[in-house]
Amino acid sequence: MQDTEQMKWALLIGTLAMLMMAFFVISFVIYYQKKKFEEEKKLNEIEKNYSKLLLDTALNSEETERRRIAQDLHDDIGTMLSLTKLSLNQLSKRITENGEKEDQIMRKAQSLVEETILHVRRITRELVPTTLERFGLAEAIDEFIHKLEEGNNLTICFQPGEEELPRQGQKIELTLYRIMQELVNNAIKHGQCSKIEISLEMSKDFIGLRVADNGIGFDPDMIKEGKLAGLGLLGIESRLAIVNGTVQYSKNATGGSTALTQIPMQAVSNSKPEPLHPFRRERVTL
Amino acid sequence: MLQKYLFYFQYDLLSSISVIITLVPITLIYQRKAYADPSFRLLLLFLLVKLIIDLLMFHCAATRVNNLVLFNVTIIFRYILMSGMFYYKFENKQVTKFIMPLSVGFSFFTLWDIWYCNPDILNLHLHQIVKYSLTVESLLMIFWILLYFKELIGSLKVPNLLTFPFFWICSGLLLYYSSLIFIAPTLHYATQWDVRLDIGLLDRIPYIFDIISITLISLGISLFSARYYARH
Ligand SMILES: Nc1ncnc2c1ncn2[C@@H]1O[C@H](COP(=O)(O)OP(=O)(O)OP(=O)(O)O)[C@@H](O)[C@H]1O
Ligand SMILES: [Mg+2]
């Protein structure tokens with residue numbers, strides 16, 4: 001009798017221990033799984049941030065490099081050309097006394113130097129969007145399309161939006177400007193269009209940039225399948241990734257293509273950036 | 001006859017409930033269309049077999065006929081179908097290779113056990129519960145479940161275990177077999193006409209955990225979503 005009683009207790013305790021183990025295993029699995037998943041998520045986040053940072057740095061250094069080249073062009077070559085022009089002027093005074101032929105060559109050389117100076121000026125301006133930094137997006141786009149329209153028979157309309165666009169962060173302005181440049185270049189290069197419409201759209205939490213052309217257009221699905229991506233469209237994507245923006249391409253009903261870029265409005269922190277000197281040699285804070 | 005059933009129902013309420021509650025997961029499987037998943041098809045088959053055998057055992061018990069031969073046969077069915085569920089769930093094909101041969105081996109072992117415990121196999125009136133098979137079954141099933149848990153943790157495929165149907169089914173089975181593993185060897189002695197060993201209320205434990213595990217299995221099935229399954 002005593003024995004069975006003892007055995008009953010032993011059985012009970014054994015079973016309870018077994019059940020406790022089962023409970024422990026079940027809760028451990030739940031807990032561990034949850035923890036591991038969270039860790040995984042955190043790691044993904046870090047990875048994403050890191051690649052964003054890398055991209056940001058790459059684009060930053062590209063902008064810095066452009067600035068450096070522009071500055072070197074301006075300071076070194078520009079100065080030398082000015083000096084050359086000065087010397088030529090002095091020389092020309094002496095030559096006029098000598099003869100017709102030399103005078104002609106002199107004039108030619110002078111105009112060539114003059115032209116070169118203009119070219120250098122233009123190139124440095126293109127490398128660094130001075131207008132953008134001084135006067136903002138609308139002015140910069142205006143200037144850009146005026147320059148384009150000059151030599152080509154191409155109409156570019158620009159609607160800067162209903163109300164005056166407040167100044168955005170430098171980074172956003174530059175991003176939108178470079179995207180606009182690439183989209184317009186594409187429309188001219190591939191679209192064989194005669195008319196381009198650019199518009200800026202502001203809403204409460206988005207800035208939109210719409211570029212539409214009336215050219216041959218392209219199939220937006222081809223981009224997703226990776227068949228079309230040249231450097232330009234890829235560059236647009238990566239610029240947008242940094243500022244959490246999106247881009248949508250669509251085919252117009254009348255032919256041609258439209259690209260709509262949207263960037264979420266950032267908190268209005270430094271809405272009035274100091275107008276930077278275009279050639280100041282310092283790291284650009286994009 | 002009905003009176004006998006009713007009387008036995010009241011007399012052994014716990015085991016009667018454990019018979020009837022099997023209807024819950026069966027209806028749930030039909031309702032949630034869980035039979036789309038091969039593992040759940042096996043579960044459904046097991047639940048149907050269990051229901052039929054339990055009803056037969058209930059009938060025998062109510063009419064005071066020895067029903068232990070049915071109990072012994074259930075062990076084989078239960079192990080084959082339950083470990084079969086894992087055959088479809090394990091990602092590691094190295095593991096699934098062992099499930100079928102082990103099922104066959106276990107079936108033969110149980111048959112031998114039945115024959116060993118009942119020298120006079122044809123005398124159903126004096127039939128006895130097997131001595132070892134129940135313990136071996138519990139050990140093997142706990143092994144499969146723990147192995148499956150290990151794979152679940154390792155693969156990180158399921159974002160939230162609390163909404164993963166098969167996790168609850170495993171939990172139910174783990175609790176059931178954990179409760180059974182120590183009781184199992186004594187059942188052979190406790191369930192004889194001339195009770196040689198009285199384990200008292202301890203023999204209620206399998207019924208209690210039968211009900212608990214069926215409840216957890218029902219919970220798992222109710223989380224089953226045919227659309228989710230189709231996506232994976
Ligand atoms: N406005 C457009 N109209 C018609 N086709 C376009 C237009 N924009 C882009 N495409 C098509 O998409 C392709 C990819 O353009 P993307 O700007 O990425 O590369 P790219 O202009 O060829 O090269 P890159 O910009 O690097 O000099 C182009 O080759 C062209 O076929
Ligand atoms: Mg391009």
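In this predicted model, the magnesium ion (ligand 2) is coordinated by Glu182(A) through OE and by Asn186(A) through OD1, at 2.0 to 2.1 Å. Donors are N, O and S atoms within 2.8 Å of the metal (3.2 Å for Na, K and Ca), and because water is not among the atoms, sites may look incomplete. Both coordinating residues, Glu182(A) and Asn186(A), lie in helix H5 (residues 170-191) of chain A, where they are four residues apart, about one turn of the helix. Helices (H or I, at least four residues) and strands (E, at least two) are DSSP runs, numbered from the N terminus. Glu182(A) is partly exposed, with a relative accessible area of 21%, whereas Asn186(A), at 15% relative accessibility, counts as buried. In these terms, buried means under 20% relative accessible area, exposed means over 50%, and partly exposed lies in between (1.4 Å probe, protein chains only).

The loop between H5 and E2 of chain A contains Gln192(A), whose phi is near 50°, a positive value in a residue other than glycine. Most residues other than glycine have a negative phi. Gln192(A) counts as exposed, because its relative accessibility is 63%. A positive phi in a residue other than glycine is also found in chain B, at Lys33(B), where the value is near 55°. Lys33(B) is placed in the loop between helix H3 (23-31) and helix H4 (38-62) of chain B, and its relative accessibility of 47% makes Lys33(B) partly exposed.

Strand E2 (residues 195-202) of chain A pairs with E3(A) in the antiparallel sense over seven bridges, and a hairpin of three residues joins E2(A) to E3(A). Two strands pair if DSSP finds at least two bridges between them. Within this pairing, Ile198(A) has Val211(A) of E3(A) as its bridge partner. Strand E3(A) is also joined by seven bridges to strand E5 (residues 257-264) of chain A, and these two strands run antiparallel, with Thr261(A) of E5(A) as the bridge partner of Leu209(A). Strand E3 (residues 206-213) of chain A is mostly covered, since six of its eight residues are buried. For chain A as a whole, which has seven helices and five strands, 36% of the 286 residues count as buried.

In chain B, the axes of H3(B) and helix H9 (residues 205-222) come within 9 Å and cross at roughly 10°. The two helices, H3(B) and H9(B), are therefore roughly parallel. Axes are lines fitted to C-alpha atoms, for helices over the stretch in contact, and angles run from 0 to 180 degrees between N-to-C directions; those under 35 degrees count as roughly parallel, over 145 as roughly antiparallel, 65 to 115 as roughly perpendicular and the rest as oblique. The contact (heavy atoms within 4.5 Å) involves Val24(B), Pro25(B), Leu28(B) and Ile29(B) of H3(B), together with Ile214(B), Ile217(B), Ser218(B), Ile221(B) and Ser222(B) of H9(B). Elsewhere in chain B, Ser138(B) of helix H7 (residues 133-155) is buried, at 0% relative accessibility, and touches Tyr177(B), Leu180(B) and Ile181(B), not counting residues up to four places away in sequence.

Residues are numbered from 1 along each chain as its sequence is written, while chains are lettered from A and ligands numbered from 1 in the order in which they are written. Local features of the predicted model need pLDDT of at least 70, side-chain atom pairs count only at pLDDT 80 or more, and totals for chains, interfaces and linings use all residues, while side-chain values use heavy atoms, with hydrogens and water left out.
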